[in-house]
Amino acid sequence: MNTKNNNSRLAEKIQRLKEQRNAIVLVHNYQIGEVQDIADYIGDSLRLSQTASRTDADVIVFCGVRFMAETASILCPDKKVIMPDINAGCPMADMITREGLKILKGKHPEAIVVGYVNTPSEVKTEIDVCCTSGNATEVIESLKDIEKIIFVPDKYLAHYVSEKTNRDFVIWNGYCPTHVKILPEDILRQKKAHVKAKVVVHPECTPLVTQLADEVLSTNGMCAYAKASESPEIIVGTEIGLLHRLRKENPGKKFYPASEQAICPTMKLTTLEKVLWCLENMEYEVKITDEIRLRAKRAVDRMLEVK
Ligand code: 13P
Ligand code: SF4
């Protein structure tokens, strides 16, 4: 059987099981194309959390990385949240620990902690308000009267938002190992090859890269920009999985990856076979203890109130 036929056979089986289980499949923009194509909803981490918080499905199949599935579980304790591959973690999220954050808070007792949603649930218990790359600026702007802000764990997102809002933060030394692979020379090379193309990059990129971009956007922000832009050519500085969605939604436009090296290995662990297996066996379930969930939920809820 060829790959296309095999994928459509798997997609049909997944569809049937989804109906039987009253399940919804949420897919992040960096997943492989075949998985994106069976999504009930595809999006960035902000939109995926919002969709999870509103769904009336009984089961959420989360095709992304663990912190995203945990956020869905924090928001929907009565639903079964399952992941096709339990090893799909986020290396940036693993760069911070609850203990480490407690020590930093001890040094700045008056500070408010803003935490990127790319953090484990236990770390979220020590965060006052979460943010994503799609709403970090708005979250900071909502903290008008706050003098001191600790921003964790992504130092590059912190740097970008600090410049944009003209506020200083105490930062954590975390970063995304995939986005740092995008170098300024990659952008310059692609600009030279496609002189009329616009450049969009993710705020997890280094400052030397973000300063070369026309726009710095979350993955959903890039999708909206691509639709609205009059430019027929766009250089995309983020994980290359997003190109599948951009090309599918904008068949008349051309998209070039800033770097072919920008591949997040854990985002690529999910396959159609694993999605089917996950629905057949109702595993791997992501469950958060009530003690952690209730404390972590305050920070996620506070973010969702902002945007
Ligand atoms: P988005 O919120 O833009 O989807 O990004 C999530 C992520 O993990 C980026 O690396
Ligand atoms: Fe984490 Fe980076 Fe992968 Fe996003 S791309 S999931 S931040 S390692």
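**Ground rules.** I number residues from 1 along each chain as its sequence is written, with chains lettered from A and ligands numbered from 1 in the order in which they are written. The model is predicted, and local features need pLDDT of at least 70, side-chain atom pairs count only at pLDDT 80 or more, and totals for chains, interfaces and linings use all residues, while side-chain values use heavy atoms, with hydrogens and water left out.

I began with the cavities; on a 1 Å grid over the protein atoms alone, a cavity is a set of points where a 1.4 Å probe fits but cannot get out, and lining residues have an atom within 4 Å of a point. For volumes, I take the space filled by probe spheres set on the points, with grid points joined across faces, edges and corners. I found three cavities of 30 Å³ or more.

**Entry 2, the largest cavity.** I read a volume of about 240 Å³ here. Its lining has 23 residues, and Tyr30, Met68, Asn118, Glu204 and Met267 lie nearest the centre. By class I get twelve nonpolar, nine polar and two charged residues; Ala, Val, Leu, Ile, Met, Phe, Trp, Tyr, Cys and Pro count as nonpolar, Asp, Glu, Lys and Arg as charged, and the others, Gly among them, as polar.

What sits in the largest cavity? Ligand 2 does, in the sense that more than half of its atoms lie within 2 Å of the grid points. Around ligand 2 I listed Tyr30, Val65, Cys90, Pro91, Asn118, Cys176, Glu204, Cys264 and Met267, each with a heavy atom within 4 Å of the ligand. That shell has seven nonpolar, one polar and one charged residues.

I see Ser45, Leu48, Ser49, Phe62, Phe67, Met68, Thr71, Ala72 and Val117 in its lining. Helix H3 (45-54) and helix H4 (66-75) each give two or more residues; helices (H or I, at least four residues) and strands (E, at least two) are DSSP runs, numbered from the N terminus. H4 gives the most, with four residues. The lining divides into six nonpolar, three polar and no charged residues.

A pocket is an open set with protein on both sides within 12 Å along at least five of seven lines. Of its 19 lining residues, I note Ser133, Gly134, Val216, Leu217 and Ser218 as the closest to the centre. Which helix gives the largest share of this lining? H8 does, with four residues. By class the pocket lining has seven nonpolar, seven polar and five charged residues.

**Entry 5, strand E5.** All five residues of E5 (112-116) are buried, so the strand is largely enclosed by the rest of the structure; buried means under 20% relative accessible area (1.4 Å probe, protein chains only). Ile112, Val114 and Tyr116 take one side, and Val113 and Gly115 the other. I find E5 paired with E7 (149-152) in the parallel sense over four bridges, where strands pair if DSSP finds at least two bridges between them. Valine 113 stands opposite isoleucine 150 in E7. Three bridges join E5 to E6 (129-131), also parallel, with glycine 115 opposite cysteine 130.

Five bridges join E1 (23-28) to E3 in parallel, and isoleucine 24 stands opposite isoleucine 60. E3 also pairs with E4 (80-82), parallel, over three bridges; there valine 61 has isoleucine 82 as its partner.

Conventions: Buried < 20%, exposed > 50% of the residue type's maximum accessible area, 1.4 Å probe, protein only.
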